[in-house]
Amino acid sequence: MIKGSCCCGAVQFELTEAPTLMGTCHCSRCRKVGASTLVFVKSDSFKLLQGREKISTFKAVPPYQYDRCFCSLCGTALGEVLSEQASFPLAANCLDSEVELENAFHEFVAEKPKWLHIGDDAKQFAEHPVS
Ligand SMILES: [Zn+2]
Ligand SMILES: [Zn+2]
C-alpha cells in the first residue's frame, strides 16, 4: 500500500495500485503551486482516508484545464485528488511511500526558469507532449 499525506497530516490517503507514470511540468502554474512533479493514478486505486473537508480547490480558468487541490491548513499541493476522471495527476511531493517510478519526462521546458537545472536524462518537451 502506498501512503500519502499533506505537510500537517490533516489529509491522508492511500493508493492500492502504484501510479502509472511520473512527469515534471515546468509551466509557471505548476511551479507557483509547488507541485511540478506529478504521478498519474487511477481514480479507483485512490482512497482518501481523512481530511476531505480540509481540501480546497483552485479552479482552472480556461485555457487551463487542471483544477488544483491543496490542504487549506498547511497549503500542501495535492494535485487533482478530487477529480472525477478515471485517472488524475497527484502531486508526487505528498507521497510518503517510495514508488518504483522515476521521472519519465519534463514538459513545458520552454517556461522553465533559468535558475532551475534539469538533472536527469528524462525526455524534454518544450510544451505539452503530443501523444
Ligand atoms: Zn495539511
Ligand atoms: Zn504545469
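The second largest pocket holds about 210 Å³ of space, and 14 residues line this pocket, with Asp67, Glu80, Leu82, Ser83 and Glu84 nearest its centre. A pocket here is an open set of points on a 1 Å grid over the protein atoms alone, with protein on both sides within 12 Å along at least five of seven lines, and lining residues have an atom within 4 Å of a point. Strand S9 (residues 87–91) gives the largest share of that lining, three residues. By class, the lining has five nonpolar, five polar and four charged residues.

A word on the source: this is a predicted model, where local features need pLDDT of at least 70 and side-chain atom pairs count only at pLDDT 80 or more, while totals for chains, interfaces and linings use all residues. Residues are numbered from 1 along each chain as its sequence is written, and side-chain values use heavy atoms, without hydrogens and water.

Now turn to the largest pocket, with about 740 Å³ of space. Of its 36 lining residues, Cys25, Cys30, Tyr66, Arg68 and Glu107 are the closest to its centre.

Finally, have a look at the zinc ion (ligand 1). Its protein donors (N, O and S atoms within 2.8 Å of the metal, or 3.2 Å for Na, K and Ca) are Cys6 (SG), Cys8 (SG), Cys71 (SG) and Cys74 (SG), at 2.3 to 2.4 Å. Along the chain, these donors follow the spacing C-x1-C-x62-C-x2-C.

Methods: Chains lettered and ligands numbered in written order. 1 Å grid on protein atoms, 1.4 Å probe; cavity = no way out; pocket = protein on both sides within 12 Å on 5 of 7 lines; lining within 4 Å. Points joined across faces, edges and corners; volume = space filled by probe spheres on them. Helix = DSSP H or I, 4+ residues; strand = E, 2+ residues; numbered from the N terminus. Nonpolar A, V, L, I, M, F, W, Y, C, P; charged D, E, K, R; others polar.
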